[in-house]
Amino acid sequence: MRKHNKIAAGTLLLGAAMAGMMLSGCGSEADGKTQIRMLQYKPEATDFFDALEEKFNETHDDIELTIDSPNDAMTILKTQLIREDYPDIVGIGGDVNYSNFLDAELFMDISDYEGLSTIKQSYLDTAKALEFVPVEGNYALPYMANAAGVLYNRDLFEEHGWTIPTTWDEFIALCDEIQAAGIQPLYFGFRDAWTCLAPWNAIAVDLADSDICAQVNRGEATFTEAYDQVADRIKALLDYSQPDPAAYSYNDACTAFARGESAMYVIGSYAVPQIQSVNPEINIDSFVFPASNNAEENILNSGNDLQFSVMKTCENKEAAYEVLDFLLEDENVQAYLDDQNAVPCKEGDFTLAPMLDGMKTYIEEGKTADYQDHYYPAEMAVDAMIQTYLLDTSENAKETFLTRFDTDWTRYNRDVIRKVEEYYGNQSETE
């Protein structure tokens, strides 16, 4: 999960894009140079990619690279697809947008790209898991991941001698201990509904199967069963938050944590720049959210925050691959890590931001699992559903929430469920 709203790829839009796909080409020639155009979806990294574009063009005589970093890249990309104005490479998140584009057959199979061999298997697996139905080949180069769990004020923890919990019971005991010391354990900004997904994902990654959404699509499970304990535990966090967390925004929560008004903040590493903008001197570390009472079951919530795909219409695959090679150069990977506090998908000896110290072992061992919300249809608005559930004080709040989760999943995911049924039905017929 990331802090920007996701927009689902519309079926009609993608259909129109496919209809015109063969009519347009990319990787064109101009002034004797191959033109490669990239569109990437992270506006917060615009300065980095502007500098990277300049660096590439200064060091390559035969290719001219243009990188677009618009504020609403997914909407712009979909508009360009309708206009048959395709970029050569897209940099997008590993979420349902990628799944929709892949399902529409917009991406090139890059299985022959040698750079894939440098990527950690866990992040390659994460990209493959985003396929609605299994597809032969590789269509994404995972580049950067992020990590979510619990940010904590290292100075407060050292001052009070608090230890990092490794089980749910230990976490609750720590919250009680912090509260007894007269300090707010947690702070939330649930007025911005998307922030509800941070604790939800961090808990679900330990308590629900990583492929639960695929299981539900195959008719093998229900969210009512899979998310029962997840729902209990996210609501239990409210006992340790500030009163009325839905009255406060993401910025409010970041500001409060930055000022030492809470000892911990359940959010992703992406929040650190916002926190540091309020208090540059804050000493932050993090730990994996221990939602299970078996410490061995703890998993780091980490997904593909930025991955690159080559459009099927790209006419010069070799030039596009040269751009990918450039992106994967260790110097450029490290520069991105320094700029965005990210986690590298590439194998190598990279320096991580200090606020990721408590997660480093999980990152190095590949003990990670994707954000559950990367599989949720945007139209389903799961963040708002969770927000409503957290505010619901009725006795049947959990039952209402989980029943709606299953019902809305079927409603908004019916086309995908149909494709899954057809795929596995055909598989059975050929066996």
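Which residue stands opposite Asp285 in S7? In this predicted model, where local features need pLDDT of at least 70, side-chain atom pairs count only at pLDDT 80 or more, and totals for chains, interfaces and linings use all residues, that residue is Tyr152. Residues are numbered from 1 along each chain as its sequence is written, and side-chain values use heavy atoms, with hydrogens and water left out.

Strands S5 and S7 run antiparallel and are joined by four bridges; two strands pair if DSSP finds at least two bridges between them. Helices (H or I, at least four residues) and strands (E, at least two) are DSSP runs numbered from the N terminus. In a regular strand the side chains alternate between the two faces of the sheet. From S7 (residues 284-287), Ile284 and Ser286 point one way, Asp285 and Phe287 the other, and all are buried (under 20% relative accessible area, 1.4 Å probe, protein chains only).

In H5, the buried residues are Ser122, Tyr123, Leu124, Thr126 and Ala127. They pack against helix H4 (96-103), S5, and strands S8 (300-310), S9 (343-344) and S10 (368-369). Glu131 lies in the loop between H5 (121-129) and S5 (141-153) and is buried, at a relative accessible area of 12%. Apart from neighbours within four places in sequence, Glu131 is in contact (heavy atoms within 4.5 Å) with Leu102 and Gly137. A polar atom of the Glu131 side chain lies 2.8 Å from the backbone nitrogen of Val135.

Definitions and conventions
Buried means under 20% relative accessible area, exposed over 50%, partly exposed in between (1.4 Å probe, protein chains only). A polar contact is a pair of N or O atoms within 3.5 Å; within protein, one must be able to donate a hydrogen and the other to accept it, and residues adjacent in sequence count only if both atoms are side-chain atoms.
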